[in-house]
Amino acid sequence: MKQSEILEAAQYVYHGEKYKHEIVKLTDDKWPNLTVEEAYQIQKEVLKLREADGHTIYAPKMGLTSKAKWEQMGVDSPIVGYVFKDMLEENFTVKVSDYIHPRIEPEISFVMKNEISGDVTIEEVLENTDYILSSAEVIDSRYLNFDFTLTDVIADNTSASGAVFGVEKYPVEQLDLVTEKAVFKLNGDVVVEGTGEAVLGHPALAIAELAKHLAKEGKTVPTGVPIMTGGMTSAVLIKPGDEVEISYTNLETIKIKVE
Ligand code: OOG
Ligand code: MG
């Protein structure tokens, strides 16, 4: 793809996000052979367009790290995107009219104390972790019917659109992140549940994937900000009036009011 096409694709995707309308996916339309590398170039331009609109990057995030998500979305490769400051939900409330077709998914988040980069082990991730937070992500694919291929979703900043982080900080050595379980209740009924093991076998491996990805751009995993490791369950569609409650084995419960 020429640079002009990368920009054209980025503008097309960002228009869908900015004006909250569904778009036909890139690979259905002009770019059926979009590569992963081109998709990340488009994503980079989408991030720049968001920044040009006055928004600021908050933290990177990992996506498509669990079998539950792979089965739901039909894409089975981890991806990296970015959460912006304006995506942080206030007062544990999500307003559906701010989105196209929002879904919520439970995630374990890491806050790092030391920068890591390149090939790192689970142990190295854990040693360099400051603390863990419970979290929930609001995803909102800009694509029609939430239908996309790997490269489409990368270009669309991994459907990033909202995030809710718990406030309670948990020292990583006090937790077993493999067995840590999230139970997702919608209006009082359990709809999905999953453990940390679902996330690449160990959520720290999602951070290791991020370290590998960022190293290719000469970057390190940032410290001091919560980094989501990917949905532990399939994502759940929400509508106004819904009450979401995600309870974890040890981590703080996240309750979200949907308006
Ligand atoms: C892509 C976003 C993936 C996750 O946690 O798996 C993601 C999507 O499912 O729309 O954030
Ligand atoms: Mg997610």
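How many residues does helix α1 (residues 3-18) have, and how far does α1 reach from its first C-alpha to its last? Select α1: it has 16 residues and reaches 22 Å between those two atoms, close to the 22 Å expected at 1.5 Å a residue. The expected span is 1.5 Å times one less than the number of residues. Helices (H or I, at least four residues) and strands (E, at least two) are DSSP runs, numbered from the N terminus.

This is a predicted model, in which local features need pLDDT of at least 70 and side-chain atom pairs count only at pLDDT 80 or more, while totals for chains, interfaces and linings use all residues. Residues are numbered from 1 along each chain as its sequence is written, and chains are lettered from A and ligands numbered from 1 in the order in which they are written.

**Stop 1: α1.** Colour A9, A10, V13, Y14 and E17, which are buried (20 or more other C-beta atoms within 10 Å of the residue's own; exposed is 12 or fewer, partly exposed in between; C-beta atoms are placed from the backbone). Seen down the axis of α1, the buried residues fall within an arc of 130°, so they line one face of the helix; the arc is that of the directions from the axis to the C-beta atoms. Their cover includes α2 (36-52) and α5 (150-155). Just after α1, K20 takes a positive phi of about 50°.

**Stop 2: α2.** Here A39, Q41, I42, Q43, E45, V46 and R50 are buried. They pack against α1, β2 (79-84) and α5. Just after α2, look for G54, with a positive phi of about 95°.

**Stop 3: the core.** The largest nonpolar core has 72 residues, and V13, I104, A155, I207 and L210 touch the most other members. Such a core is a set of buried Ala, Val, Leu, Ile, Met, Phe, Trp, Tyr and Cys residues joined through C-beta atoms within 7 Å. Helix α6 (residues 203-216) gives the most to this core, six residues. Select L210: leaving out residues up to four places away in sequence, L210 touches P60, M62, V80, V221 and I227 (contact: C-beta atoms, placed from the backbone, within 7 Å).

**Stop 4: ligand 1.** Of the 14 residues around ligand 1, G63, K69, S159, G230 and G231 come nearest (near: C-beta atom, placed from the backbone, within 6 Å). The elements giving two or more residues to this shell are α3 (67-73) and β5 (129-139).

Methods
Contact = placed C-beta atoms within 7 Å.
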